[in-house]
Amino acid sequence: MAAQGFAFEDCPLKHYVRVKGWLPHCKARKRANADLGPSEQRRLRYFTFCAIGAIDVHMLNIAKVISLSREDKFDNVVFFDRETDAVLETQKRIPGAMGFPGNFIDVVLANDPAATLAEDHDYLAPPLDLQDEYSTRREQLIYGQRRDFIKAFPFDIVNLDLEEFAFKANDPFPGKVITALRKLFEWQKNPLHAWPNRPKKSVCLDSFTLMFTTQIGPPNISKEYTDMLREYLEQNIASHSDLSGILHERIGATNVAALQSDHFEDFFKLGVPKVLASLLLETDWYVDADKGITTFAFKRNWTGGEYTMLHFVMDVKRQEPPRQRRAPNSGHTAGAIDAYASVVRRLFTQGDLEVTNEIASSIELKPSLEEIRACRRKYYPEDV
Amino acid sequence: MPKIHVHEKALAHLSRGLYRSPASALRELVSNGWDANATVVRISTNYPNFYQLAVEDNGDGFSAEEFARLMGGGIGNSEKRPAAKKMKYGRPIIGRLGIGMLGIAQICGSFTVTSKMKDGTGFRAKVKLYDLLKEKLDTNDSSVVSSSSDQQFEEVDVGVYDFEEQYDPNKANFGTAIVTDDVHPAFVRAFQLSLKFEKFRKPPSQWQKAIDIVSGVRSIQELGDYWRLLWELAASCPVPYVSANCLPQKLISDEQKLLESYNFKVFVDSLELKKPIHLKGNPAGYTIRRIQPQHLTPYGRNLRFHGYIIVQEGAQLKPDELRGLLIRIKNVAIGYYDPGMLDYRYNEGPRSRWLTGEIYATEGLEDALNIDRDSFNRFHPQFRAMQEYVHSVLHEKVFPEVYKQIEVRSSDRALTKRTERTSHLTQVLSDVSTKPVSVRSVTKSSDYAPAEVSVKRESKQLQVVIPDEADILTKKSNRQLASSILALFEVAMNEPTDTRRREVFRRSLLSLLSKW
């Protein structure tokens with residue numbers, strides 16, 4: 001569970017990840033957009049679980065990664081918050097942003113009665129056969145939100161800063177988070193939204209930046225999940241014989257079983273990005289091998305005890321040609337398979353960056369939290 | 001004599017259908033913020049999704065006990081906040097906590113109220129209103145209607161509330177916040193659809209720009225429900241104007257000073273609202289009438305008001321919603337601009353679409369309000385007294401001046417046109433003649449002499465003398481044309497051959513008519 005009452009915004013470790021992990025990737029994406037021809041350049045779209053303070057949004061605004069509209073609005077930012085009143089609080093700080101109240105997973109996985117989920121289905125129209133009751137309205141609103149959320153895709157930067165467990169003990173395997181991610185990566189293939197000078201033909205994203213955050217755990221993680229992680233790692237070692245030696249040299253585990261039993265955190269740190277990379281591959285994307293997946297880890301102490309946060313950052317590319325233009329049953333593209341192998345190897349060799357207070361305070365982080373808050377006050381002067 | 005009671009059900013019905021628009025319901029919550037000495041009220045709509053709605057102020061807040069009292073039967077009770085309540089910034093008290101809070105029930109079925117007072121205490125409560133209340137009331141459903149213990153009257157419940165035990169006032173802001181938990185899908189849908197309207201424009205970050213946008217449409221409805229909400233709130237809340245110069249002759253500068261002194265701001269989705277009127281640069285100018293402070297005493301009760309009426313000469317006001325008269329009581333608008341001008345009985349045709357005005361009632365009129373605070377009982381003596389005064393101003397001062405201005409403009413226009421046509425005639429004659437042409441008109445020598453055209457060929461120019469229009473015996477509107485054609489005819493007749501005469505006349509006539 002997330003640490004209730006923890007001052008997330010002030011956490012220097014988290015800010016280190018923002019500035020040293022997220023920001024360089026996002027800036028690179030902005031540069032790539034700036035290098036495009038005039039008709040292809042556009043304002044980047046950003047999806048986040050930014051929390052009330054919207055620190056990440058303002059950081060990207062200061063860095064000019066997300067440019068504001070002519071009306072000085074953050075209308076290219078979309079966010080979710082499970083605390084319904086937190087959405088409105090956040091919108092005060094990033095006016096114009098599209099905020100969704102409610103549980104992200106519930107909304108994404110809402111069981112659409114029409115099954116086909118026609119994008120333009122009018123879920124909010126008065127139903128002809130149901131009474132105007134709370135349960136009816138609730139259902140309408142969830143389906144409506146889901147429809148609107150899908151319409152908001154795709155995003156150039158997706159920041160899934162979940163601050164909770166990716167694998168929940170009570171979730172039926174493979175877990176709601178994994179299922180939701182699968183859908184999200186599918187929706188990332190939706191055509192891009194209109195922008196000035198946009199080419200007439202429908203355009204889809206060919207790449208995006210993905211940030212994913214989770215806690216290590218839970219302590220009672222079910223066997224199905226650990227088996228999944230173990231199988232992924234065993235497959236890798238089976239196909240790349242030298243990985244076993246690397247694993248032993250770097251962590252001291254002779255095999256995956258030993259890694260799981262004696263070095264659970266490392267097991268988790270290796271396994272989760274593998275799951276992400278596999279999910280992306282399955283949905284016709286792949287992790288760019290140039291930078292691979294960067295992992296940041298830090299420990300967080302709060303009244304409920306200590307837990308470890310993991311932040312993964314990666315650039316994601318679309319398999320080319322996309323699936324619909326490949327021969328039936330032809331599998332993934334060669335480029336994607338090579339990149340996948342390279343990314344996995346790198347995970348084994350590179351390890352993660354353990355962020356500590358010493359590291360976080362050893363350098364000046366730009367923009368600082370103070371700079372970001374000053375920028376935020378421009379939009380919400382009462383913010384203190 | 002037996003006493004007459006009003007059935008509790010009536011009030012229960014009111015809790016679900018009091019206001020005619022979301023803005024009217026929200027305006028009541030803004031008024032609550034005003035009365036609570038708030039300096040800022042923020043309305044958040046979750047634009048562009050509209051799945052939530054919140055109104056919060058940074059005012060004095062109120063206690064859990066007061067909330068419980070309101071929910072336990074104080075809603076709609078005439079018992080107002082303590083009369084001794086100290087208002088800051090010289091504000092008059094609007095005084096209507098209660099039914100306004102439940103007004104949000106027209107938009108949602110449940111909501112959360114959080115309030116923190118200056119002493120640091122506070123509460124958070126979730127309110128859930130019963131579904132299908134009207135049907136249940138009509139069928140005396142026992143879940144909402146029950147008899148009192150003494151069987152004297154029926155008790156009606158409209159919903160339930162629950163205090164949140166884990167509420168920590170230290171983490172809350174001072175003031176009161178009302179946040180909807182489930183906005184009705186009909187509201188969400190309407191607002192979402194309105195963003196797809198052809199003329200919809202993204203709301204700007206400054207109100208002046210918003211005024212520019214609404215001034216570009218015939219009706220706010222072309223911009224959709226979201227803009228209507230912005231506009232209606234801006235028109236009805238006690239917020240300042242864009243500037244003291246937003247109307248000619250500093251018509252509202254005194255009012256502006258007063259409004260600014262109240263130190264009260266209302267934001268909707270980070271856009272600070274100002275009054276939605278800004279008139280300037282009309283080519284034909286403005287007719288202005290100040291309504292000096294009036295003190296009337298119908299049935300011995302004080303009625304004080306002042307205001308202004310302004311007519312944008314010759315040009316329809318945009319948007320339409322700005323047409324008519326708006327009455328404010330203690331700075332809060334009652335309804336919106338009334339295009340019927342308080343049932344004005346004269347038909348002024350298109351002139352009435354040029355007129356706007358505001359009447360500020362500083363004392364009285366409150367008893368003439370209907371319960372929705374959006375309209376008046378039109379036969380209330382105080383309303384009638386004000387109405388009569390305003391109508392006399394309109395009928396005796398404003399519209400006569402407007403008609404005078406119309407006449408001036410018409411005669412100016414006619415003169416300009418006549419000059420232009422004479423110049424055109426000269427040009428046409430010059431084109432068919434080898435010499436420069438001069439045209440002048442003369443009055444005929446006697447009533448019996450025919451109105452004739454003469455042409456004199458002089459060595460350097462052709463002099464055409466046409467009769468004064470008044471001397472040409474045909475329809476007034478055709479006189480200048482007739483005299484011009486006669487001139488063309490006479491000039492053509494000076495040509496040497498029939499063919500040539502016919503050709504010159506035909507050419508010059510067509511040329512004349514091409515720009516007539």
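Arg290(B) sits opposite Tyr308(B), a residue of strand S12(B). The two belong to a pairing worth a first look in this predicted model: strand S11(B) and strand S12 (residues 303-312) of chain B run antiparallel and are joined by 9 bridges. Both strands are part of an open sheet of 5 strands, whose order is S11-S12-S15-S13-S14 in chain B, with mixed pairing. At its edges you will find strand S11 (286-296) and strand S14 (332-338) of chain B, each of which pairs on one side only. From one strand to the next, the twist averages 10°.

Now look for the helices on this sheet. Helix H8 (residues 225-236) of chain B packs on it, touching strand S13 (324-329) and S14 of chain B, and the direction of H8(B) makes about 120° with that of S14(B). H10(B) packs on the sheet as well, touching S11, S12, S13 and strand S15 (355-363) of chain B. The direction of H10(B) makes about 155° with that of S11(B).

## A helix pair in chain B

H10(B) also has a helix for a partner. Where do the two meet, and at what angle do they cross? The axes of helix H10 (residues 381-432) and helix H11 (residues 479-493) of chain B come within 11 Å and cross at roughly 15°. Angles under 35 degrees count as roughly parallel, so H10(B) is roughly parallel to H11(B). The crossing in which H10(B) passes H11(B) is right-handed.

To see the contact itself, pick out Arg418(B), Arg421(B), Leu425(B), Leu429(B) and Val432(B) on H10(B). Facing them on H11(B) are Gln480(B), Ser484(B), Ala487(B) and Val491(B). Sorted by class, this contact of H10(B) with H11(B) has 5 nonpolar, 2 polar and 2 charged residues.

## The eight-stranded sheet of chain B

Chain B has another open sheet, this one of 8 strands. Its order is S7-S4-S3-S8-S2-S1-S9-S10, and the pairing is mixed. The edge strands are strand S7 (159-163) and strand S10 (271-272) of chain B, each pairing on one side only.

S4(B) and S7(B) pair in the antiparallel sense over 5 bridges, and Val127(B) stands opposite Tyr161(B) in S7(B). Next in the order come strand S3 (residues 110-116) and strand S4 (residues 122-129) of chain B, which run antiparallel with 7 bridges between them. Here Val113(B) is opposite Ala125(B) in S4(B). S3(B) and S4(B) form a hairpin with 5 residues between them, and in its turn Gly120(B) has a positive phi of about 90°.

The bridge partner of Val268(B) in S10(B) is Leu271(B).

## Chain B as a whole

How many helices and strands does chain B have? Its secondary structure comes to 12 helices and 18 strands. Chain B has 516 residues, of which 39% count as buried. Among its contacts with a separation of 6 or more, 71% are between residues 24 or more positions apart.

## Where chain B touches chain A

In the contact of the two chains, 27 residues of chain B meet 31 residues of chain A. On the chain B side, strand S1 (40-44) and helix H6 (185-194) are the elements that give two or more residues. H6(B) provides the largest share, 4 residues. The residues on this side of chain B divide into 11 nonpolar, 9 polar and 7 charged.

## A buried helix in chain A

Is helix H2 (residues 55-62) of chain A mostly buried or exposed? Of its 8 residues, 7 are buried, so H2(A) is largely enclosed by the rest of the structure. The buried ones are Ile55(A), Asp56(A), Val57(A), His58(A), Met59(A), Leu60(A) and Asn61(A).

What do these buried residues pack against? Around them are helix H1 (12-34), strand S1 (46-48), strand S2 (77-81), strand S4 (157-165) and helix H13 (369-379) of chain A. Just after H2(A), Lys64(A) takes a positive phi of about 60°.

Methods: Residues numbered from 1 in each chain as written. Chains lettered and ligands numbered in written order. Predicted model: local features only at pLDDT ≥ 70, side-chain atom pairs only at ≥ 80, totals over all residues. Pairing = 2+ DSSP bridges. Axes fitted to C-alpha atoms, helices over the stretch in contact; angles between N-to-C directions. Parallel < 35°, antiparallel > 145°, perpendicular 65-115°, else oblique. Left-handed = near helix turned anticlockwise from the far one by under 90°. Contact = placed C-beta atoms within 7 Å. Nonpolar A, V, L, I, M, F, W, Y, C, P; charged D, E, K, R; others polar. Buried ≥ 20, exposed ≤ 12 C-beta atoms within 10 Å, placed from the backbone.
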